[in-house]
Amino acid sequence: MKTHLGRRPFSAMELHTLYNGYIYGDFKVAREQAKHWHFWLPLIAYYSGAYSDEIGCLTLDDLSLEKNILCFNFHTHGKIKPRLVPVHQALINAGFNEYIAFIKVQKQHRLMFDLPAKTGRYSEKVRIWFSGEGERAGYLQKCDIPNVDQLGMKTAISSLRLNFEQQVRIYALQANSKDAFNYLLGFNEYQHDTFNDTTLLNTVIQQLRTINTNLSWQRFITRESH
């Protein structure tokens, strides 16, 4: 796995905790300023392996049907290659289609339309919300997950890409396609610009472990304050 900066993937228990946290529950926390991207970005990160900047850049034009399979088109990261990643069924079950309809009604274009850029990048705002900064606790801390474990390994929003990489490596190799693995991760080891077998990519993606079957965007926007 191409780990960086001493990062590690989240454990199964940590994933369970993250996706059963207050964002995905029935009640807001005190002084919470809920944004739609708080719900969607961590989910899309887990099920697509994309970086937060890539997700922040997604527009309605970056959703496409390939052989009747809905896909994200990631193409805004300088260090990894553009790629089509099928949308996992868990996102659809959580209300993704309804959210897209809502975006259109709001006459917005970016999927994470309420995520502002800070210093020209979306990832900075995501990092502060997710991991905290200074005295400000992030979503991780509010879920009682430390930024750094006892071995000095860090967890951050990009750790979700490592969780994605772990699983896709297994399922792509089970499908006898290292090319699918390299393509879905945007690695240069896949030397072509396109991947012709969208059905194979979808087969790999749909095997990603569903982390919470009760997630609902509609539930998120109707959460009550304590």
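Mentor: Gladly, with one term first: two strands count as paired if DSSP finds at least two bridges between them. Do keep in mind that this is a predicted model.

Trainee: Thanks! Which residue takes a positive phi in the hairpin of E2 and E3?

Mentor: Start with the strands: E2 (residues 63-66) and E3 (residues 69-74) run antiparallel and are joined by 4 bridges. Glutamate 66 has isoleucine 69 as its bridge partner, and leucine 65 is paired with leucine 70. That hairpin has 2 residues between its strands, and the positive phi, near 55°, belongs to lysine 67.

Trainee: Which strands stand at the edges of the sheet?

Mentor: E3 is also joined to E4 (residues 83-86), antiparallel and through 4 bridges, with phenylalanine 74 opposite arginine 83. The 3 strands make an open sheet in the order E2-E3-E4. Each edge strand has a single partner, so one of its sides is left without a neighbour in the sheet; the edge strands are E2 and E4.

Trainee: On to the helices. Are H2 and H6 roughly parallel or roughly perpendicular to each other?

Mentor: Their axes lie 12 Å apart, and the packing angle is about 95°. Angles of 65 to 115 degrees count as roughly perpendicular. H2 and H6 are therefore roughly perpendicular.

Trainee: How many nonpolar residues does the contact of H2 with H6 have?

Mentor: H2 brings Trp37, His38, Leu41 and Pro42, while H6 brings Lys125, Val126 and Trp129. By class, the contact has 1 polar residue and 1 charged residue, and the number of nonpolar ones is 5.

Trainee: Now the spaces. Which element gives the largest share of the lining of the largest pocket?

Mentor: This pocket has a volume of about 580 Å³. Among its 25 lining residues, Arg7, Arg121, Ser123, Ile157 and Ser158 are closest to its centre. The elements giving two or more residues are H3 (52-57) and H6 (122-131). With 4 residues, the largest share comes from H6.

Trainee: How many residues of that lining are charged?

Mentor: The classes divide into 10 polar and 8 nonpolar residues, with the charged ones numbering 7.

Trainee: And which element gives the largest share of the lining of the second largest pocket?

Mentor: That pocket holds about 460 Å³ of space. Its lining has 21 residues, and Gln33, His38, Trp129, Arg136 and Lys142 lie nearest its centre. Two or more residues come from each of H2 (36-48), H6 and H7 (139-142). The largest share, 3 residues, is that of H6.

Trainee: How many nonpolar residues are in the lining of the second largest pocket?

Mentor: Set aside the 8 charged and 3 polar residues in this lining; the nonpolar count is 10.

Trainee: Last one: what is the volume of the largest cavity?

Mentor: The structure holds 1 cavity of 30 Å³ or more. It is lined by Lys81, Pro82, Asn182, Tyr183, Gly186, Phe187, Tyr190 and His192, which divide into 4 nonpolar, 3 polar and 1 charged. The volume of the largest cavity is about 30 Å³.

Methods: Residues numbered from 1 in each chain as written. Predicted model: local features only at pLDDT ≥ 70, side-chain atom pairs only at ≥ 80, totals over all residues. Heavy atoms only, no water. 1 Å grid on protein atoms, 1.4 Å probe; cavity = no way out; pocket = protein on both sides within 12 Å on 5 of 7 lines; lining within 4 Å. Points joined across faces, edges and corners; volume = space filled by probe spheres on them. Nonpolar A, V, L, I, M, F, W, Y, C, P; charged D, E, K, R; others polar. Axes fitted to C-alpha atoms, helices over the stretch in contact; angles between N-to-C directions. Parallel < 35°, antiparallel > 145°, perpendicular 65-115°, else oblique. Contact = heavy atoms within 4.5 Å.
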